[in-house]
Amino acid sequence: MVRVRLTMRDMFLFTLVTTVGLLAAFFYMYESSFAASVSPAFPGGAITISFDDAWDSQFENALPVLLEHNVPATFYVMTNPVKNGDYGYMNEAQVVALTRLGFEIGAHTKSHLDLTALSDEMLVEELVESKEYLEALTDREMFSLAYPFGATNQTVIDALHTAGYTNGRSAAQAPRLGFSAEGQDVFTFGSFSPNTAVPLERMKRAVDQARERNQWFIFSFHQVGQYGGEYDTPPEDFAEIISYISGSEVPVISIANGVERLTASVEFED
Ligand SMILES: [Zn+2]
């Protein structure tokens with residue numbers, strides 16, 4: 001008899017503990033989904049204007065538009081042409097001027113090679129020397145890198161960690177076209193490169209979608225001028241899209257700022 005009573009008591013306790021546990025689990029799930037729906041990492045969306053390769057057309061043709069509309073941007077600098085003073089690229093004084101104006105400088109490696117195809121030694125050289133050069137030039141710590149051709153893999157990401165980068169920007173992965181939702185990995189987030197096949201209206205729609213879906217949309221521009229390249233953006237188109245973004249009330253943020261929010265969002269979910 002005693003044994004039966006104990007068993008029933010055990011069963012009661014077991015049921016009680018299980019019920020409380022299930023309720024706690026449901027409450028946690030409910031709270032998580034509720035919190036996620038009311039506190040997105042990018043309320044009202046976010047836009048980033050980024051530039052690749054350090055073309056001097058960005059300084060000549062894009063910078064005045066950015067200053068006119070008072071919007072931030074991130075410039076990913078390929079360092080060898082800047083260091084060597086190559087024709088068609090920004091010079092050191094221009095990169096320093098961008099820093100002083102408050103723009104974020106990121107690295108785009110030394111010489112724009114496919115990082116996934118390099119020896120370990122060359123990989124480290126491309127990542128470390130470009131970072132050290134830019135930090136010495138701008139007198140700022142630097143954390144952001146854009147992969148040349150958007151090409152990356154786990155070996156490259158591990159090398160980025162070791163070199164002291166906190167994030168890596170890749171290329172668009174269809175069908176997301178560069179949208180990065182909260183929880184997105186900070187070493188593989190995508191971006192969208194406007195090219196001559198993409199109508200201006202499509203770019204404006206991307207801005208609207210970022211607002212409607214509370215998403216982060218990153219533009220990666222190349223030449224801002226018409227030189228016959230696939231990724232050239234005519235200056236008048238650039239001016240129109242920046243004016244549209246500026247009037248859209250979608251916050252414009254730097255890469256560093258967006259990554260901060262992504263990281264905070266990941267920690268929150270844990
Ligand atoms: Zn590039």
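Where is E249 found? Hold that one for a second, and keep in mind that we're looking at a predicted model here.

Okay, E249. This residue is found in the loop between α8, residues 235-247, and α9, residues 255-269. As a reminder, most residues other than glycine have a negative phi. And is E249 buried or exposed? Exposed, because it has 9 C-beta neighbours inside 10 Å, and the cut-off for exposed is 12 or fewer.

There's another residue like that, N70. Its phi is near 55°, again positive and again not a glycine. N70 is found in the loop between α2 and β2. N70 counts as exposed too, because it has 8 C-beta neighbours inside 10 Å.

Strand β1, residues 46-52, helix α2, residues 56-69, and β2 make a right-handed β-α-β unit. β1 and β2 run parallel, with three bridges joining them. If you want to find one on your screen, go to S50: its bridge partner in β2 is T74.

Now stay on β2, residues 74-77. Look at F75 and you'll see it stands opposite I105 in β3.

So what about the faces of β2? Both are covered: T74 and Y76 are on one side, F75 and V77 on the other, and all of them are buried.

Two of those, F75 and V77, come back when you look at the largest nonpolar core, which has 59 residues. They're on the list of residues with the most contacts inside that core, along with I47, A54, A62, A210 and F217. For context, nonpolar side chains in soluble globular proteins tend to be buried together.

Let me pick A62 off that list. Leaving out residues up to four places away in sequence, A62 touches F51, F221, V224 and F238.

Zooming out to finish: the protein has nine helices and seven strands. Of its 270 residues, 37% count as buried. And if you take the contacts with a separation of 6 or more, 70% of them are between residues 24 or more positions apart.

Note on methods
Residues are numbered from 1 along each chain as its sequence is written. This is a predicted model: local features need pLDDT of at least 70, side-chain atom pairs count only at pLDDT 80 or more; totals for chains, interfaces and linings use all residues. A residue is buried if 20 or more other C-beta atoms lie within 10 Å of its own, exposed if 12 or fewer, and partly exposed in between; C-beta atoms are placed from the backbone. Helices (H or I, at least four residues) and strands (E, at least two) are DSSP runs, numbered from the N terminus. Two strands pair if DSSP finds at least two bridges between them. A crossover is right-handed if, with the strands pointing away from the viewer, the path from the first strand over the helix to the second runs clockwise. A nonpolar core is a set of buried Ala, Val, Leu, Ile, Met, Phe, Trp, Tyr and Cys residues joined through C-beta atoms within 7 Å. Two residues are in contact if their C-beta atoms, placed from the backbone, lie within 7 Å.
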